[in-house]
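These are my notebook entries on a single model. I record what I looked up, entry by entry.

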Amino acid sequence: MPVIAKYCPEIKVTIVDRDEERINAWNSEHLPIYEPLLKELIDQVRGVNLFFSTEVDKAIRESQVIFIAVNTPNKTYGMGQNGGYDLSAYESVARQVAATAEDDKIIVEKSTVPVRTADKIRRIFEANRKHKDINFEVVSNPEFLAEGTAIKNNDKPDRVLVGGMDSEKGKKAVEILASIYGHWVPRERIITTGLFSAELSKLACNAFLAQRISSINSISAICEASGADITEVQRVLGSDHRIGPDFLNASVGFGGSCFAKDLQGLVYLCESMQLHPVAEYWKQVLIINNYQKQRFAMRIVREMFDTVYRKKICVFGFAFKKNTGDVRDSAAIDICQFLLNEGAQVSVYDPKVLANDVHRLFEKVVCERDPYDAAQQAHAIVIATEWDEFKTLDWSNIFACMKKPAFIFDGRNILDHEELRSIGFQVFAVGRSIRNDVSYS
Ligand code: UGA
C-alpha cells in the first residue's frame, strides 16, 4: 500500500485495523515490523496520501477500491485442521464491508486464499448488501513480495497479477486495478487472468519455490553421504538456463509464514478434490523440509561426540531468513528445540529478532545482543540464518573465547570454511563434507 501511495499521489490510501495499538505503532516512529526501506517510504507518504486509522467503517464508505489483506492462517481446529485455511477473519471483513458500503465497490482479494474463495465472498456480499443495486466486483490480486525485499519487489515487480470475472463489470474492475499498477509497472508485466487462475497461481508459485528448496536440500543429503559438494552441484544446476540459479541455496530448511502454510493448503485442496496422488506429491516437499531440519540438528549432536548435554551452543540467527525480524516457522526454532531436548544450554544472537519473540517460544534460552559475548565459552556456533554480518565477524576472536574443539555448523553455507578451518574450527556445513584436521589450540 505505501508503494501505491508513493506512485499514485492522486489516490488516498487508508490502511485500517481494529487493533488500536498496532495502528498507533504505524503512526509512530517505531513501526511494528522491521523491513528494509519501509520506514523511509512511510516517512515520505504518511500524512500526505497514506493514512493509518482504526475507523474501519468510515474508510469502507469513502473508498472505491477495498483490499482485503487479513491473515489466512492454517486452521488449528475442527475440519481441515493443520491444512485448510482459516477464513473466519476474511469472511468477517467481507460481511463488515457488505453491511457498511453505500455504493459500488471493487473488492481486491490480497490475502492468500484457496481457489474459488472469490466466489464464496461474492455470495456473502450479495446476501448482505444494503440494497440490491450495490455492485461488489471481486478481483484477485495476489501478493508476491518476499520479506526482507518487500519494497524492492513492489517497486520493480517481476509481474503483477490481476484476475477477474469474465463479465463486462469484471473486466472493468480488472482494468481499474491494472491502471493503478500501471502508474509504475510496465504494462507487459501486468498479467490479467480469470479469478480462479489468479488464486491458484499464487499457491502454485509458492509451492514451486518451496519445491526447489526441498529438491536442492534432498541433493545436499546425497552430497554429505557421498563426498560430493552441494555448492558445486548448485553451480552446475544454476547454469542451465532452464533451471536458473535462484532459489537453489541448500539450507537448514525453509521457514516463514507462507511456504509450509500454502503447501499444507494445497495438499488439503487436492485431497478435498479427491486428487490424492497430487496431494502426496506436494506433501513430500514438506516431508523433505522437516527431514532437512532434523538431519541438520542430529548432525550437530553426532559430530559433538554424540552429546551436547550441558554444553553451551550458540545459535547465530533466529529469523526465518535474513533482513527480517520475523521468526514465524523459522528453522531455528526446530533446531533450538532439538538441542534443548538433548540437554544443551542454548543461547541466541540475531541482529533483528526481539528477545521477547525468542522467549515466548523458549523461556530458558539466553538472548545476547552481541555476537562476541554470545560466543563466550560456547562449544559450538550454529548458523541458522544467512545474515550478511556473520560473514565479516572476527572469527579468530570468536575462536579464542570458545571451548575446544570449537565447532561451527553452517546451516546456510555462507562462511568461508577454508579460512575457519585454518583458524582451528571444526567446520560442518549443509551438503559439504569438509575435511577437519583436529586442532585443539
Ligand atoms: C515467499 C515467496 O518467496 C514470495 O514470493 C511470496 O509472496 C511470499 O512467500 C508470500 O506468500 O507472502 P518469504 O516467505 O517472505 O516469501 O521468503 P522467501 O525468500 O521465499 O524465503 C522462504 C524461506 O526459504 C526462508 O526460510 C529462506 O531462507 C528459504 N530459502 C530461500 C532457502 O532455504 N533457500 C533458497 O535458495 C531460498
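I located His131 in the loop between α6 (117-128) and β5 (136-140); helices (H or I, at least four residues) and strands (E, at least two) are DSSP runs, numbered from the N terminus. I note that this is a predicted model, in which local features need pLDDT of at least 70, side-chain atom pairs count only at pLDDT 80 or more, and totals for chains, interfaces and linings use all residues. Residues are numbered from 1 along each chain as its sequence is written.

I then checked burial, for which a residue is buried if 20 or more other C-beta atoms, placed from the backbone, lie within 10 Å of its own, exposed if 12 or fewer, and partly exposed in between. His131 is exposed because 6 other C-beta atoms lie within 10 Å. From His131 to Ala99 I found 32 residues in sequence and 9.7 Å in space, C-alpha to C-alpha.

Next I looked up Ala89, which lies in helix α5 (residues 88-100). Ala89 counts as partly exposed because it has 14 C-beta neighbours inside 10 Å. Beyond its neighbours within four places in sequence, Ala89 is in contact with Val70 and Asn71; contact requires C-beta atoms, placed from the backbone, within 7 Å.

Of its 70 residues, Ile313, Val315, Ile335, Val382 and Ala384 touch the most other members. Helix α11 (residues 259-272) gives the most to this core, with seven residues. A second, separate core has 28 residues, including Val93, Val138, Val160 and Tyr181.

I followed helix α13 (residues 331-341), where Ala331, Ala332, Asp334, Ile335, Cys336 and Leu339 are buried. The buried residues of α13 pack against α12 (276-303), β8 (312-316), β9 (345-349) and β11 (380-383). After α13 comes Gly343, with a positive phi near 90°.

Last, I examined the ligand. Of the 20 residues around the ligand, Asn249, Ser251, Phe254, Gly256 and Cys258 come nearest; a residue is near a molecule if its C-beta atom, placed from the backbone, lies within 6 Å of it. Helix α9 (residues 195-226) gives the most to this shell, with three residues. I sorted the shell into 11 nonpolar, six polar and three charged residues, where Ala, Val, Leu, Ile, Met, Phe, Trp, Tyr, Cys and Pro count as nonpolar, Asp, Glu, Lys and Arg as charged, and the others, Gly among them, as polar.

Definitions and conventions: Core = buried A, V, L, I, M, F, W, Y, C linked by C-beta atoms within 7 Å. Contact = placed C-beta atoms within 7 Å.
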